[in-house]
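Please keep the structure open while you read.

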Amino acid sequence: MPRQKALMVFVLFTAVSALVGCSHRSAVIPELLMREVDWTVTDGALMNAPQHYIGRVVILGGQVLKKDYSSDRTMIQVLQLPLNESKRPISTLRESQGLFVAIDRSTGPLAKLSPGAVVTIVGQVVQADRQGGSAVSGTAPRLHVKHLHVWHSTLEEEGRLSRQISAAKGRRV
């Protein structure tokens, strides 16, 4: 009897863990949008020649640098960063491909963002912007936002936590 109870607890734990894992992934990018994404477009290709991908739906992420809004739209400038398996930007600034611009025609989620926020965006490429007078020259993709996920910790907080964990591991011998 105790063995059956242990097996039942294990099965229940596994089922709940699977449901929580699935719901976490779907919270980042809705399943319907995942089907729209053109998975053949790489970050590097898009960032180097955005004009070739106009009309395609892509996933990009990074850190918000600047926000500009008016009565009919909100626009953010984002430093692109590579995404991990969970589609969360990782703080590898050296691997950034440059800047991209995200636009929302509502006064919704983008309007609430602050510089430093870490985001993952599903968007449709609508045009390429010239990047003049910035540290990054060339063209930047401009995306019409279809979905926005804001990560709760900033890259700075994540880096600080990572350094604290590394330091703690170093002390354990």
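**Notes on the predicted model**

1. Start with a polar contact. The backbone oxygen of Val28 sits 2.8 Å from a polar atom of the His147 side chain. A polar contact here is a pair of N or O atoms within 3.5 Å; within protein, one must be able to donate a hydrogen and the other to accept it, and residues adjacent in sequence count only if both atoms are side-chain atoms. His147 belongs to strand E5 (residues 138-151). His147 counts as buried because its relative accessible area is 17%. Buried means under 20% relative accessible area, exposed over 50%, and partly exposed in between (1.4 Å probe, protein chains only).

2. A word on the basis. This is a predicted model, in which local features need pLDDT of at least 70 and side-chain atom pairs count only at pLDDT 80 or more, while totals for chains, interfaces and linings use all residues. Residues are numbered from 1 along each chain as its sequence is written, and side-chain values use heavy atoms, with hydrogens and water left out.

3. Overall layout. The protein chain has 4 helices and 5 strands. Their order along the sequence is α-α-α-β-β-β-β-β-α. Helices (H or I, at least four residues) and strands (E, at least two) are DSSP runs, numbered from the N terminus.

4. Burial and surface. Of the 173 residues in the protein chain, 36% are buried. The chain exposes about 10900 Å², and carbon and sulfur atoms supply 57% of that area. Accessible areas come from the Shrake-Rupley method with a 1.4 Å probe; for residues, only the protein chains shown count as cover.

5. Take the contacts between residues at least 6 apart in sequence: 62% of them join residues at least 24 apart. Contact means heavy atoms within 4.5 Å.

6. Which residues does Val58 contact, leaving aside its neighbours within four places in sequence? They are Val37, Val41, Leu46, Ile121, Val122, Gly123, Val125 and Leu143. Val58 is in strand E1 (residues 57-69). Val58 counts as buried because its relative accessibility is 3%. Leu46 is 12 residues from Val58 in sequence, and their C-alpha atoms are 9.0 Å apart.

7. How many salt bridges does the structure hold? There are 3. A salt bridge is a side-chain nitrogen of Lys or Arg within 4 Å of a carboxyl oxygen of Asp or Glu. One of them pairs Lys146 with Glu36 at 3.2 Å, N to O. This pair links distant parts of the chain: Lys146 is in strand E5, Glu36 is in helix H2 (residues 31-36), and 110 residues separate them. Lys146 is partly exposed at 36% relative accessible area. Glu36 is also partly exposed, at 40%.

8. Asp38 and Arg56 form another salt bridge, at 3.1 Å, N to O. Asp38 lies in the loop between H2 and helix H3 (43-48) and Arg56 in the loop between H3 and E1, so the bridge ties together parts 18 residues apart in sequence. Asp38 is buried at 19%, whereas Arg56 is partly exposed at 32%.

9. Asp68 and Arg73 also form a salt bridge, with the closest N and O atoms 3.5 Å apart. Asp68 is partly exposed, with a relative accessible area of 34%.

10. Finally, the strand pairing. E1 and strand E2 (residues 74-80) pair in the antiparallel sense over 7 bridges. Two strands pair if DSSP finds at least two bridges between them. A hairpin of 4 residues joins E1 to E2. Val64 stands opposite Val78 in E2.
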